[in-house]
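These notebook entries record what I looked up in one protein model, entry by entry.

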Amino acid sequence: MVDIVDAGADPTGEEPIDGVLAEVADDDTLVEFPDGRYKINRVDLYDTSNLGLRGVGDDVTLVADEDHAEDFWIAGASTRDLLFENFTLDHTGDGVDPSVEFGSHDGLVVRNIVKKGSQDGDNTAFGFRTYHDWSETLVENLQLPDGSKAVGPVGIWVDGDGTTTFRDCHVEGYGNNGLYASWSNGPVHVEGGVFKDNDRAQVRLGSAGSYVDGAEVVVDDPSGDDPCTGVRISDGLGPVTISDCDISMTGGRGTGAVFVAEDGGHMVLEDSRIHVGPDYTANLSGGTRTSPGVYVDEAPDAPELDHDIVRTSITGGGDYYPAIVGRRDDVNVLDSCIQWDGPVGIRFHGTTANDVKNTNITVDGPAIEGDAEVVDVTSGDSCPMPNLGGGGDDGSSSDDGGDSSGSLADVPLPINASRMTYPTMGTSNENPTLTVYGNFVYPNTKRFVEENLPAIVSEFVEPGHINVQFRSIAYPTGHYLNSVEGEERLAQLALGVWDKNNWENYWGVFEYLFANQGDIEWQTWGDAKNMLQDAGVERVAGWLPGLASDDYYGDEVYQSRLDAADAGLDYVPQVEFQGDLADANMATGDLLEWIGDRL
């Protein structure tokens, strides 16, 4: 571990740190950046392995000015296990268009990055490449809200053969696609996030196994003159899935909220809400023709594949296009709702093998035109509108920590959570910490997790008053509780979930272990792997049982017992806060009052 300032870097933003960073950015090294401003002209992390660059303060800014390199600003080709985390990128200078580009054999993680300032040139803002079909890249909380000049810059470019996942990202106002990932051979996963007012397309996918899940897609005030599609499927045969998305198109022009281009393949649109306003107009119409909700274009060279629209609401419309346009065979509308101000609900152009079943269509003219098998089509119902609450009315990202909706899987995490040895929930590393001493196999701890912990999360954690840390007492004596054979192994497995790039999933796994207490097996490698997979752990499910067998987290688990003894615990579960102990299972109101008295 290297502190970049201790190594000689200037934290005031006056002198470039390129040389210092080049000296310390070696394999098997974590380079930490304290609060400050760090000027960078060009950094090349080529062929590094197990390297991390991480901001560790509340305001760690990397600055680019007019002297930055034209080819790339920060890049790393042929990397393995590269971490780039917790930075603000200052690109506010005139004529500044830095490009951040990473190519990975495996294990690339980019997390908690905010880009400030418009991309003023033609460079792509962020580029990601995976080299193998087994390569995995995770990009989480990448915020690009300030857009670019018109036409040239892409917000995020993706290609390669592996899997690239974008989680809770924000891309807005770019001149040549927001997320341009249709040329990737490997699957691209978009989970949550906001994609708004980007020219060409907000999200563009094409490769098999790609999906957009739970995202907000908005076009209401694009800055450029190019057409703006919501989700575009092109350049690949899919299948591509769009699920649980809220898509709102109320300004600009384009080909629809969802557009399957001539070179796009199989599409599934499900459980989503689409709204198209009359001011979102069709291409080449001069603003005189309104646009469709879903447009499936003809595909002279594509194989015949189904295109399914399932449990989806489409509202709005105007005087020209239908809600759904199908120009190829096998477009199926099932269990959906259409409330459209236009002349036709669904129009099939000279195609066959189309189905419209169990769907409500309320429209001024014919519900359906063209060849289709029609079963149980009704009219008169109102349809759900998009819910843009996750990103605010303007589509911007929310900073309030979210809504746990009663699930521990959604609790907020401190920005430096991945540096913490023990699992911790909270909104800031500066919050005071309530320590919970419990045990994964002890019924009394299960009672606390299911009854009092949700109240603590709602009352104190989500509003940002305290953090909560869990410590498993897995080497008990008779002083605490009766020992269960192999419980220290379960404690090590849970710590492994927290440690090995799964800390953002930990609390969901934690919840699963208690919900299934008494029914799970973990003592053997196979049992542990199956248990972790059932709990939602994927990539490291086969790795962690081996680490537990080697006692990899033995010291950390044993330290929890020592700390509990030092705190004066008599039994578990107990909570420690501000130097005092309390019964974790006291009446909920009394426990909340006890915590509040010590804030």
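**Entry 1: helix α8**

I listed the buried residues of helix α8, residues 588-597, and found Leu 591, Leu 592, Trp 594 and Ile 595. Viewed down the axis of α8, these buried residues fall within an arc of 155°, so they line one face of the helix. The model is a predicted one. I recalled the general rule that an α-helix has 3.6 residues a turn, so residues three or four places apart point the same way. On the face of α8 turned away from the buried side I noted the exposed residues Glu 593 and Asp 597.

What do the buried residues of α8 pack against? I found β41 (433-438), α2 (443-461), β43 (574-577) and β44 (580-583). Three of these partners are strands, and I took up their sheet next.

**Entry 2: the sheet with β43**

I traced an open sheet of five strands in the order β40-β42-β41-β43-β44, with mixed pairing. Its edge strands are β40 (424-425) and β44, each of which pairs on one side only.

I then examined the pairing of β43. Strands β41 and β43 run antiparallel and are joined by three bridges; here Thr 435 stands opposite Glu 576 in β43. Strands β43 and β44 also run antiparallel, joined by four bridges. In that pair, Glu 576 stands opposite Leu 581, and Gln 574 stands opposite Asp 583.

**Entry 3: cis peptide bonds**

I recorded a cis peptide bond from Val 572 to Pro 573, with omega near 0°. Pro 573 sits in the loop between α7 (554-567) and β43. I recorded another cis bond from Gly 238 to Pro 239, with omega near 5°. Pro 239 belongs to the loop between β22 (228-233) and β23 (240-243).

**Entry 4: positive phi at two asparagines**

I noted that Asn 50, a residue other than glycine, has a positive phi near 55°. Asn 50 is placed in strand β6, residues 49-55. Its relative accessibility is 40%, so Asn 50 counts as partly exposed.

For Asn 177 I noted a positive phi near 75°, again in a residue other than glycine. Asn 177 lies in the loop between β15 (170-172) and β16 (179-180). With a relative accessibility of 1%, Asn 177 counts as buried.

**Entry 5: two loop residues**

I located Thr 351 in the loop between β36 (346-348) and β37 (355-363). Thr 351 has 6% relative accessibility and therefore counts as buried, the cut-off being under 20%. Its side chain makes a polar contact of 2.8 Å with that of Asn 354. Leaving aside residues up to four places away in sequence, Thr 351 touches Gly 326, Arg 327, Arg 328, Asp 329 and Asp 371.

I located Lys 500 in the loop between α3 (487-499) and α4 (506-515). At 18% relative accessibility, Lys 500 also counts as buried, because the cut-off is under 20%. I computed its separation from Gly 103 as 397 residues in sequence and 21 Å in space, C-alpha to C-alpha.

**Entry 6: the whole protein**

I counted eight helices and 44 strands in the protein. The radius of gyration is 26 Å, close to the 25 Å given by the globule rule for 599 residues, so the protein is as compact as a globular protein of that length. Along the principal axes, the C-alpha atoms fill a box of roughly 80 × 60 × 45 Å.

Of the 599 residues, 58% are buried. Among contacts with a separation of 6 or more, 69% are between residues 24 or more positions apart. The protein exposes about 22900 Å², of which carbon and sulfur atoms supply 42%.

Technical notes. Residues are numbered from 1 along each chain as its sequence is written. This is a predicted model: local features need pLDDT of at least 70, side-chain atom pairs count only at pLDDT 80 or more; totals for chains, interfaces and linings use all residues. Side-chain values use heavy atoms; hydrogens and water are left out. Buried means under 20% relative accessible area, exposed over 50%, partly exposed in between (1.4 Å probe, protein chains only). The arc is that of the directions from the helix axis to the C-beta atoms. Contact means heavy atoms within 4.5 Å. Two strands pair if DSSP finds at least two bridges between them. The radius of gyration is taken over C-alpha atoms; the globule rule is 2.2 Å times the number of residues to the power 0.38. Accessible areas come from the Shrake-Rupley method with a 1.4 Å probe; for residues, only the protein chains shown count as cover. A polar contact is a pair of N or O atoms within 3.5 Å; within protein, one must be able to donate a hydrogen and the other to accept it, and residues adjacent in sequence count only if both atoms are side-chain atoms.
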